[in-house]
Structures are given as structure tokens and as C-alpha cells.
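Subject: Handover of the structure and notes on it

Dear colleague,

Please find the structure below, followed by my notes on what was found in it. I would be glad if you could read the two side by side.

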Amino acid sequence: MTFSSIEFLLWFLPVFLIVYGITPSKYRNLTLLIGSIVFYAMGDAGNLAPLMLSVLCNYFIGLHLAKRSPRTLWRKRLLFVTALSINIGILIWFKCRGGSAGLPLGISFYTFQILSYLIDVYRGDADREYSFLKFATYVVMFPKLISGPITRYGEVKDSLYNRTFTMQGLEDGMKLFVLGLAAKVLLADRVGILWHEVQVTGFESISTPLAWLAAIAYSMEIYFDFWGYSLMAMGLGRMLGIELPRNFRRPYMARGVRDFYRRWHMTLGQWFCRYVYIPLGGSRRGELCTIFNLLVVWMLTAFWHGAGWNFFCWGGLLWICIVLERQLGRLKFVHKMKVLPHIYLWLIIPVSWMCFAITDLSQLQVYLDKMMWLVPGISGGYEDAWKALSTYGGLLVVSGLACTPAIEKLYDYSKDKILMKILLAAVFWYCVWRLILEGNNPFMYFSF
Amino acid sequence: MLQKLRQWIRKLSFPISLLLMGVLFFTWTDNWQVYTDPLRELYNRGVQLAGGARMDHTSEPGQQDGTVSGDTVPEGTEDPTGESRTPAVGETSADTQTETMTTEEPQPTEPSEELPKEVVYHTVDDSYFDDAVFIGDSRTVGMYEYGGLEETSTFYASTGLTIYKMFDSKIVAVPGQKKKITVEEALSEKQFAKIYLMIGINEMGTGTVESFMKAYGEAVQHLQQLQPDAVIYLQAIMKVTTERSGQGDYITNEGIEARNEEIAKLADDEKIFYLDVNPLICDETGGMVASYTYDGVHLKAQYIPIWLDFLKEHAVE
């Protein structure tokens, strides 16, 4: 069950909020835990038992990892390594199994959060959690259960112990949620139709301009889909009184790929930085070692997204860009350039997203050839691009504007104005109306 | 006092507007079906579980529902006999039900066994289609966009077109005008020498082979009335990939085959001909070749020529 579904918006969320609201604050963690379990069961009931088993096991492991006595240090180490291996092993097994069964809902996200907890406790960066209820709530709380943000235990510990459920928080959270919902329903789902159409047409037949348009459309789709989801998660958290970390900071406004990935899915980047890059030595052991460390991080990031070869192409391309940027960054004049870094980013990112989106390598080859102007389209002309532009041009422009700081500034400035409140409420119901119309799935909207 | 009230309204303006708009929204656009439909279903199931009997329409569902939802279900909107969400094409499920029953009866009349007259097809070039009109759904839209005939031939094609709404759909653009006219109007205004019809995939979800063929037969008759001199090519519905067919929704190759068999019977081989491109685009599993399509339903643009060439090799003149 995604946030942008009728069941969630009109059934789960109102019922949950009412129950949560009338629960005495002492028992709110329990309400949240039960609600989250219901939420997960509504999405993927078959994998609920493994999830809860994993939570239970890791809870006990966490308790034992913190024991500090030199005599039992080796035992602690053994337990730590075993626990890490099993958690990671399960994740790898599911990733590689592939097939039609798919992954258990949210496993990539909750596994990484459990790992961060185990490592933090082992390293002494965080205290172990004695309360099973609090630990389980941390892992399975529904706002972040299935798509992040990947949150360390320390980041939400305080709100698990003591949080307030206020009208103001509810309203602020609701408004953030509407913003995210709008990004998903009004931008991502609609601009994504262009990308879908190009896939139906077949990459062999499209012109180079259309290949770029579709790549840009996909770039917009994936951004507003994920950013929207993260906003909704943050909003839900705030409604309940939990502050979740920010996941995006206007990534398409970045200067270069390095900067981009400090702004895109920030919590994943921070996870890899904290638990892989820095333990490997980070950038403190010379340039060659740094480049190697970056390679490790990017290959792991690629694998985290999926076991397909195309993800390694994606990670590899980004790694090359980042390494080159590091070298260029030594030159002073590069930092003074204002426009070129942005242009470079806007050219490279759509290409990288195509590596991400197209899982069939031969098809990927065809698409990249198209983008590089190596093969003409079926008709030799650009009519297809014009047609797409006339249909989706406006939407692409709006999406582009929504990537700039303007939207956020406008929101921050006017979110407490009465007109904005009414507008946001209207946007919410408009989104609901579209969702009902489209039957939850934008592509179901397609008849043939 | 007034001051305080004002403050409260200001403070609660967002939740109030959200709720108010929600009430308006449900009342006007959705008739509260988002809530009433699942509740009714729950209630039905509950009754079935409890009594093992079918739902009694006269009983009052209100009470049990209240315990399920706990909020926002208005009283009085529940009406078990009232209209429920209608399927897209407008056939109610009740019709479907009864017609399914009739299909299961064995058909007593076997089609009379006569040796089919061999139709002699010619091979033609693109100019053959200059006075032709293609009517159909998104597959025909694909032909329009990537067949290379968009300048010379006429296409009355639209995504989602069904046989039921074929003549009444406003899909034909009039040069120089913004509004579109219906296929009926367009066919009344202009005569064509050939009509190519491929339609039927969108109808798979509603009705039965019989109800579909009834509409299809009537449509063909109406086409003949409107275009008495035209040769009508009834094209078999293109199959989908075997994977798509097995996806578990209403679109199956078995269903398509059943319809195609019936469409073929409409051909008289004098003015109406039946053309089946499926053998050229299907693999040994009986479905569309997987590499020819992304979504399992539409030919990729680069494989449209297979279809076009087939039509060019099967012209009667």
C-alpha cells in the first residue's frame, strides 16, 4: 500500500489518526507499532512474519552487542559479524533471486536501518534499546517503512521516548504531505506517461530529440516520485510528532554529480558514507585509495538498487564522473564557473537515469546510441519530438520550475496564509479525484 | 468572545477547509462510494459468514458498518439497491452474468459445411490506401503514427475506442476547426473505397463473445449502410504476448481467438473480407512475439511494417 493510494488516503490514514489521537500518549508507540503492522500487512502480508522475526532477532542481538567486558570481546565480535552477515546475506539473497516473486516490501530500507542500529550499538555511537516496543516501532513505523528515509536510531530515539501530538504538528505534517502527494500524482505520474509511451513505441524508432525528451521526462518522474514520497513520509512523521530526516535538497540545482548525490536520496548517501566510505579510510589515505573507496561505495550503491547489470553501468558512470570532478576540482577556475557545471549535470544525469531505467543491456545500448545521435529515427525527422513537446511541453516546464528553489520558497513564505491553506486542501482533493479516476495506477488509465 | 472564535477559526482553517472540501467532494463527485462500496462488501461477507445465506437486501446495513469504520460514514447514503459504480463501457454486471449463462449452453446449429471460396489477393503499394479509412483503437493509432500513411490515408482511430461507442466517438478532426466530429458524421460526409477495421481489445473486459459480436455485426451492417460501395476489411484482433495473456486480467489470447473466429464468419468474401495478421506476429506459444512489443499489447513502431506489408499483400481488386 503506497501513500498515494485510495486505501491509504481515505481509509488507513484517517482511521489511524483518530485511533492515534485518542490513545493516551503512554501507549502511542504501541498504537504506531500496531498501525504499522497493519499497514505492512495490507501491502505485503506474506512477508510480515519474516519482517517481525528479523525485528525480534535483531532486538536481542542489539542487547548483546553493547556488553562491554574485555573477556567477552571476541564473543561480541563474533556475534556482530554473524548478525551483519545474516542481515546482509538475506538482503543479497532476495536481490539476486529476482524472478516474478519480487522483493519483500521495504526490505532494502529496513535492513539498512537495522544494520545502522547494530553498527552504532557495536561501535558505542548509540545506546542499545531495552524496550522491544520502542525498537520495533523504530524499524517498522509506517511513515518510513517501505521507502525511507533511511533513519538512524539516534535520529528518532528522542521522539520514541517523548513526543507530542499537537494540532500544529498535525497541520504542518498534513501540508507537507499534500505537497508530496501533489508532486507524485500531479507531476511524476503524468510526466511519466511520456517515458511509458516511448517504451511502447520502441527505442529503435524514436528520434534523438525524443530520446532526450523522454530521458528528461523520466528524470522528472523519478525525482518527483521519490521526492514526493519522502515529503509524504516527513509529513506523516510530523503529524505524529516524529521528525524524520530530509532526503532531498533540490538535486537538479546541483553543480556536478558529486554535488548531486549530496542532495539526492541524502539518507542513503549518508549511510554509505558513515558505514562504508569512512571506515574504509574515506579520503584520508591518498587519492588512489579514495578513488578505490568511491568505487566500492558506488558498486554497493548500485547493487542496493538492484542486481541488474544496468545498475552497475549506472553506478560506474557516476563513479567516473565523480572521480573526474575530483581531479578537475583542483583547478581554481572551475569553481568560478557559474553555468557550465549545471549544464554538464543536466546532460549527464538524464543519461545516467537511462542506465538506471533500462534493465536490458542491448536495449540500453540502443537508447544511448539514440541519445548520442548515432542512429536516426524511423522517419528520419523530428515530428515525434514535436508531437511529444506539444503534449508534454507544459508539464515539463512546470516540472522544471518545481525543481528550482522557487517552489519551496513560495511554500515556506505562504504556508500559514489562509489562501495557501485552502489551496493545499483543494490540491489534496484534486489528487484524490485523479487517483480515483486512474484507479491508483497511472498506467491503468491507459486503455488500448 | 468573537475575537476568540475568530482565533479558533484561523487556527483550524486548514483542517476545516480540508474536511469541508472532503464532504463536498464525496457528495458531488463520488457519492461516498469510496466508503460505501467496501463497507457494503464487508457487510455482505459478514452476512454470508454469519448466516451462510445470501445478502438480504431489506436488512439495514448501517449498524454493523458503524463498528467497522468508526467514522465519517453518513447515515442514509447506504442504499443497497442504489446504483453502484458502473463499468466503463456501460454494461452492467448483471447483463454480463446472464449472458455468460447463455454462452455455456451448447450451440445446436453447426455452421453449414461448404468449401470456402478461395479469395484471390493482390499485392498493392501504398497508394492503394489513398481512398481507404482505418478505424480502430490504439493499435490503429500505432499504424497511423508509424505506418507512414498519415499523409495519404484517413484514420478514424483513438486510444480506448470500442465497438460499442465506435460511431458516436468524437474523434475525427475537421481541418480548420477546433471541434471534432463523430465517426458517424465523418462517414456520412465522405465515401471511401476501402474500410479497414481492427477493434476489440478494449471490449474484452465487458460482456461476452456473443454481446461483443452482436455489437460488431451491427457495426459492420451500419458501415455498409453508410459506405455502400466500400470494401470492408475486418481485421482479426491482434493477439497479445503469452506473458501478457497470462497476467490474470481480462485480456487473454483465448478470448481474442474466440472473438476472431466469430469475426471471420462475418466475411462474405465479396464485399467483406477477413484478414488475420496474427500468424506473422506470433510465436510458437500462440502469442505476440515478446521482442516485438514493450507492453505485450502494442507492436513497437519498427514492427508496424509487418502489419502494413501484410495488408498490402492482401488487397482485393
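Over all chains, the structure holds 24 salt bridges; please keep in mind that this is a predicted model.

**Salt bridges**

In one of the pairs, the side chains of Arg238(A) and Glu243(A) come together with an N to O distance of 2.9 Å. Arg238(A) has a relative accessible area of 25% and is therefore partly exposed, and Glu243(A), with 45%, is partly exposed as well.

A further salt bridge is formed by Glu287(A) and Arg326(A), whose closest N and O atoms are 3.1 Å apart. Glu287(A) belongs to helix H13 of chain A and Arg326(A) to helix H14 of chain A, so this pair ties together parts that are 39 residues apart in sequence. As to accessibility, Glu287(A) counts as partly exposed because its relative accessibility is 25%, whereas Arg326(A), at 18%, counts as buried, the cut-off for that class being under 20%.

The next pair crosses between chains: the side chains of Lys387(A) and Glu145(B) meet in a salt bridge of 2.1 Å, N to O. The crossing runs from helix H18 (residues 383-402) of chain A, where Lys387(A) lies, to helix H6 (residues 138-146) of chain B, which holds Glu145(B). Both ends fall into the middle class of accessibility, since Lys387(A) is partly exposed at 44% and Glu145(B) is partly exposed with a relative accessible area of 31%. Apart from these pairs, Asp120(A), Arg123(A), Asp125(A) and Arg274(A) are joined into one network by salt bridges that share partners.

**The contact between chain A and chain B**

The size of an interface is often given as the accessible area lost when the parts come together. Between chain A and chain B, the buried area is about 3,100 Å², and carbon and sulfur atoms give 71% of this value. Chain A contributes 33 residues to the contact, and chain B contributes 40 residues.

How many salt bridges are counted between chain A and chain B? The count is one salt bridge, formed by the side chains of Lys387(A) and Glu145(B). On the side of chain A that touches chain B, the elements that give two or more residues are helix H1 (6-22), helix H9 (167-201) and helix H20 (418-438) of chain A. Of that side, H20(A) provides the largest share, with eleven residues.

Within chain A, helix H12 (residues 266-277) has as its buried residues Met266(A), Thr267(A), Leu268(A), Trp271(A), Phe272(A), Tyr275(A), Val276(A) and Tyr277(A). The cover over these buried residues of H12(A) includes helix H5 (107-123), helix H11 (256-263), helix H13 (287-305) and helix H14 (309-328) of chain A.

One residue of helix H5 of chain A is Ser116(A), which is buried, its relative accessible area being 0%. If its neighbours within four places in sequence are left aside, Ser116(A) is in contact with Tyr138(A), Thr151(A), Arg152(A), Trp271(A) and Tyr275(A). Trp271(A) and Tyr275(A) are among the buried residues of helix H12 named above.

**A nonpolar patch on chain A**

Which residues make the nonpolar surface patch of about 450 Å²? The patch is made by Tyr27(A), Leu30(A), Ile34(A), Val38(A) and Met42(A). Val38(A) lies in helix H2 (residues 28-44) of chain A, and with a relative accessibility of 40% Val38(A) counts as partly exposed.

**Chain B as a whole**

Chain B contains twelve helices and seven strands, and of its 317 residues 44% are buried. Among the contacts in chain B with a separation of 6 or more, 68% are between residues 24 or more positions apart. The accessible surface of chain B is about 17,900 Å², with 53% of it belonging to carbon and sulfur atoms.

With best regards

Technical notes: Residues numbered from 1 in each chain as written. Chains lettered and ligands numbered in written order. Predicted model: local features only at pLDDT ≥ 70, side-chain atom pairs only at ≥ 80, totals over all residues. Heavy atoms only, no water. Patch = residues over 30% accessible without salt bridge, like charges linked within 9 Å, V, L, I, M, F, W, Y side chains within 5 Å. Areas by Shrake-Rupley, 256 points an atom, 1.4 Å probe, with all protein chains shown as cover. Salt bridge = Lys/Arg side-chain N within 4 Å of Asp/Glu carboxyl O. Helix = DSSP H or I, 4+ residues; strand = E, 2+ residues; numbered from the N terminus. Buried < 20%, exposed > 50% of the residue type's maximum accessible area, 1.4 Å probe, protein only. Contact = heavy atoms within 4.5 Å. Buried area = accessible area lost by both parts, 1.4 Å probe.
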